[in-house]
Amino acid sequence: MNLWRKNHWFHRAIGLVCLVAGLGLLPLFFDGYQKATVDSDIRLNIALVIGAVLLSVFGLCALLSGGIKKGFSYTTLISIAAFLMAPFVWMVLISLNPSKTPIPPISELIPRAVEKDAKNQPIMVPGPDGKPTEKVVIQPRWDNYDFVFNHPNLPVKRFFFNTVVVTLAVVIGQLFVTSLAAYAFARLKFKGRELLFMLFLGSMMFAGPVTQIPVYLLIRNLGWLDTYWALIIPGVSSAFSVFLLRQQFMSISPELDEAARMDGAGEFRIYSRIILPLSKAALATAGAFTFFGVWTDFFNPLIYTNSTEMRTLEVGLSIFKNSYGGTNWPLQMTAAVIVMLPLLVVFLFCQRFFVRGVMLGSIK
Amino acid sequence: MGWLFVGPATIHLAVFALIPMLYALVLSLYKFQLFRENPEFTGLRNYSLALTEEPFLNSLWHSFRFAIMSVPLGMALALGIALLVNQKLRGMAIFRTLFYIPAISSGVAISMLWIYVFLPDTGMINMATSLFGISSVDFLNRTEWAMLALVFMSMWVGLGPRMVLFLAGLVNIPTSLYEAAEIDGASNWRQFWNVTLPMLVPTTFFVLVTSTIGAMQIFTPVYMMTKGGPEESTDVVGYHIYNEAWVNFNTGLASAKSFILLAIIVVISIFQFRLMRSQIREFSAS
């Protein structure tokens, strides 16, 4: 079975054969699909087209990675990724179609337009049958983004501003408050420490559904409804962050702060000069989680604010959606992309902290 | 000294979690409507009202059905994908990132996207199935489909964190166990059943409990996509309580209902904890 050894030329050869076969069969089956008239033929040919695509993907992967087993793994992963990402791809494509057009069928999803010359006359080019036809070019409608961002009826930029202010304030406030508490739980001995920590954990798991009404009443009595306070103050501490940071602080060797204590450093100095600088990654993790939690929070801004000027992006987007109902999908998808894009960028920048946080959170 | 450090967080916990919880308990004993301030003490009447009210019981049942479909399916999917991305292959980080992306997106934007995906005729799914000659289904407006549509979407959204958790569990399994199984001549399949799965019990428990708690409280997609319809078939308890509290303004009754939900969540969590503990004991005994 020497032929099956890893990275052997044999694997690459099989990959190449599959790639060529797949690419060769693809137009054949596609042609069959376009010519098919009976339902069962259509289904058969579509299945064959998908099969040919998978075969060529597998061939390419096996050829490049030099292993048939690897080729299978990659093909599975690519298929799953395509399946999971498809809604996003569709979303972006639809957002680039001209505003107000109905949703185009798959074959016309990529926004196209007839190219015109300076006199607004369509440019003619020879078509496949030799007759002159209109020249069609790909034309993404970026002006949709411009329109949504400077929407005539909705203060989209104000939504952005509100969201940024609230999110930054909560992240900074919460990191300070929770790191102090985490330091106490990790390093200081005081009466009732274990009980208090259990209270924190318990509230993290269960308090959610019952506190919304009393907290609303509290905020109303404080006169904070429809202000930034209502969106910031309830978020400046979170049991989850306390838990996460405590986990990290406990992993720092206590010898470090013992030495500092010997030198006469106070607790706050140890916290700010030793523990915090050593926990940048964990702070970033907690910060990243809070960032996404607050940025995408829908429920609290929905209840605590009521004027359009005080809404955040998330609620603003739902207002936007309701004002268009089931119409104008290009604009709706544009708005959705505008809300998602900053999240995606931040995620790509701090994803390692994310993965870390999910893992830290699970250690109990 | 310790209390000084823990002070701000504790005050916050008291003001925004513990006292509100107690206050909600008090509210649940009153007949009280927001903006109509004369609460009337009625004892446990709100609870008896809630527990005999058909729409509320139905909404509990809907949430339960949603959880029982979305949690096991979502976990199985996440475990399968975690096993796939746990291989040592080049470029795996890209796939992990891609699989996580649905989870970081905004709930409202995702809901809008999925309304489109589920649209009749022009929606993504119906366009794909129409290629096979399957006739169009209006998923979000058919009683037998709407809940399944929400389940499907929640599996997609929940995949990332669950996958990462399972991945952490997989990475932590000592390779010596697999080496020992290899020497005993165990097949890949047997290694999966006799090494991987038992070693993943704590992770599975954690994912199960957090997913169930989340699933029992699902709100945004229902609010955005179905408004509890069609014919109340997706009126889950989170949405039901939202309506009671913020549309009908039956504050007292809504508080009672949210305590009933809380009790159910706690009971389910304890039950799952027991189940997992017996599972661990069984494994360590054998």
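A nonpolar core is taken here as a set of buried Ala, Val, Leu, Ile, Met, Phe, Trp, Tyr and Cys residues joined through C-beta atoms within 7 Å. The model I examined is predicted.

**Entry 1, the core.** I looked up the largest nonpolar core and found 155 residues in it. The residues with the most contacts inside this core include A:Ala181 and A:Val242 from chain A, and B:Leu113 and B:Phe118 from chain B. Helix 7 of chain B (residues 143-171) gives the most to the core, with 13 residues.

**Entry 2, A:Val242.** I then listed the neighbours of A:Val242, leaving out residues up to four places away in sequence. A:Val242 touches A:Thr178, A:Ala181, A:Ala182, A:Phe185 and A:Phe200, and also B:Ala9 of chain B.

I followed helix 5 of chain A (residues 156-187) to helix 1 of chain B (residues 2-27); their axes come within 8 Å and cross at roughly 130°. I therefore record helix 5 of chain A as oblique to helix 1 of chain B. The crossing of these two helices is left-handed. On the chain A side, the residues that meet helix 1 of chain B include A:Thr178, A:Ala181 and A:Phe185; on the chain B side, B:Phe5, B:Ala9 and B:His12 are among those that meet helix 5 of chain A. By class, this helix contact has 10 nonpolar, three polar and no charged residues.

I noted 74 residues from chain A and 66 residues from chain B in the contact. Helix 1 of chain B supplies the largest share of the chain B side, 16 residues. I sorted that side by class and recorded 50 nonpolar, 16 polar and no charged residues.

How values were computed:
Residues are numbered from 1 along each chain as its sequence is written. Chains are lettered from A and ligands numbered from 1 in the order in which they are written. This is a predicted model: local features need pLDDT of at least 70, side-chain atom pairs count only at pLDDT 80 or more; totals for chains, interfaces and linings use all residues. Axes are lines fitted to C-alpha atoms, for helices over the stretch in contact, and angles run from 0 to 180 degrees between N-to-C directions. Helices (H or I, at least four residues) and strands (E, at least two) are DSSP runs, numbered from the N terminus. Angles under 35 degrees count as roughly parallel, over 145 as roughly antiparallel, 65 to 115 as roughly perpendicular and the rest as oblique. A crossing is left-handed if the near helix is turned anticlockwise from the far one by less than a right angle, and right-handed if clockwise. Two residues are in contact if their C-beta atoms, placed from the backbone, lie within 7 Å. Ala, Val, Leu, Ile, Met, Phe, Trp, Tyr, Cys and Pro count as nonpolar, Asp, Glu, Lys and Arg as charged, and the others, Gly among them, as polar. A residue is buried if 20 or more other C-beta atoms lie within 10 Å of its own, exposed if 12 or fewer, and partly exposed in between; C-beta atoms are placed from the backbone.
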